[in-house]
Amino acid sequence: NPIYTLGANDIINGSVSLVLTADNSCAVSDTMVLTITPATTANAGPDATICAGDTYALNGSTNNSQVFIWMNPGGDGTFSNVSLINPVYTPGINDIANGTVTLMLVSGAPPCSSASDILILTINPLPILPPISHN
């Protein structure tokens, strides 16, 4: 039960052939090809600031991912489509009242582990203008 540690060239090539040879007066061998899937990454983009009443066009990216989804844990806004890499986020009433919302991009490429990244969207309140008075 040996343990094989991947080398840099194995990762670059995307696979390695491992050969097991048994010799008990008659040599017998078997080869196994180990395919290496690159790690998945997720980048939700830089933190951003908008004004209350505005929407925000997300600019996420992933590498080596077959599946990704946007989430807003604790937020009450909506995405134009959680399965698009660059959807539009519309803050909800609580997002605006809180002044921030955390948006998370999660990506994955089975059988490897998933990756995630967050973006903090700050929502500035609209200014309150004093009443206009005429002299």
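**A loop, a sheet and the whole chain**

Modeller: We may begin with Asn64, which lies in the loop between β6 (61-63) and β7 (67-71). Please keep in mind that this is a predicted model.

Biologist: Is Asn64 buried, exposed or partly exposed?

Modeller: Asn64 has a relative accessibility of 40%, so it counts as partly exposed.

Biologist: What is phi of Asn64 near?

Modeller: Phi of Asn64 is near 55 degrees, which is a positive value in a residue other than glycine. Most residues other than glycine have a negative phi.

Biologist: Which side chain reaches the backbone oxygen of Asn64?

Modeller: That is the side chain of Thr40, at 3.0 Å.

Biologist: And where is Thr40 placed?

Modeller: Thr40 sits in the loop between β2 (27-35) and β3 (41-43).

Biologist: Why does Thr40 count as buried?

Modeller: Its relative accessible area is 10%, and buried means under 20%.

Biologist: Leaving aside neighbours within four places in sequence, which residues is Thr40 in contact with?

Modeller: Thr40 is in contact with Asn63, Asn64 and Ser65, and also with Ser107, Gly108, Ala109, Ser113 and Ala115.

Biologist: Let us change topic. In what order do the three strands of the open sheet stand?

Modeller: The order is β5-β9-β8, and the pairing is antiparallel. β5 (56-57) and β8 (78-79) each have a single partner strand, so they stand at the edges, and one side of each is left without a neighbour in the sheet.

Biologist: How many bridges join β5 to β9?

Modeller: Two bridges join β5 to β9, which covers residues 88-90. In one part of this sheet, Tyr56 has Tyr89 of β9 as its bridge partner. In general, strands of a sheet pair through backbone hydrogen bonds.

Biologist: Now the whole chain: how many helices and strands are there?

Modeller: The protein chain has two helices and 11 strands. Along the sequence, their pattern is α-β-β-β-β-β-β-β-β-β-α-β-β.

Biologist: Why is the chain more spread out than a compact globule?

Modeller: The radius of gyration is 25 Å, well over the 14 Å that the globule rule gives for 135 residues, so the chain is more spread out than a compact globule. The C-alpha trace spans about 110 × 25 × 20 Å along its principal axes.

Biologist: What share of the residues counts as buried?

Modeller: Of the 135 residues, 26% count as buried. The chain exposes about 9,200 Å², and carbon and sulfur atoms supply 57% of that area.

Key
Residues are numbered from 1 along each chain as its sequence is written. This is a predicted model: local features need pLDDT of at least 70, side-chain atom pairs count only at pLDDT 80 or more; totals for chains, interfaces and linings use all residues. Side-chain values use heavy atoms; hydrogens and water are left out. Two strands pair if DSSP finds at least two bridges between them. Helices (H or I, at least four residues) and strands (E, at least two) are DSSP runs, numbered from the N terminus. Buried means under 20% relative accessible area, exposed over 50%, partly exposed in between (1.4 Å probe, protein chains only). A polar contact is a pair of N or O atoms within 3.5 Å; within protein, one must be able to donate a hydrogen and the other to accept it, and residues adjacent in sequence count only if both atoms are side-chain atoms. Contact means heavy atoms within 4.5 Å. The radius of gyration is taken over C-alpha atoms; the globule rule is 2.2 Å times the number of residues to the power 0.38. Accessible areas come from the Shrake-Rupley method with a 1.4 Å probe; for residues, only the protein chains shown count as cover.
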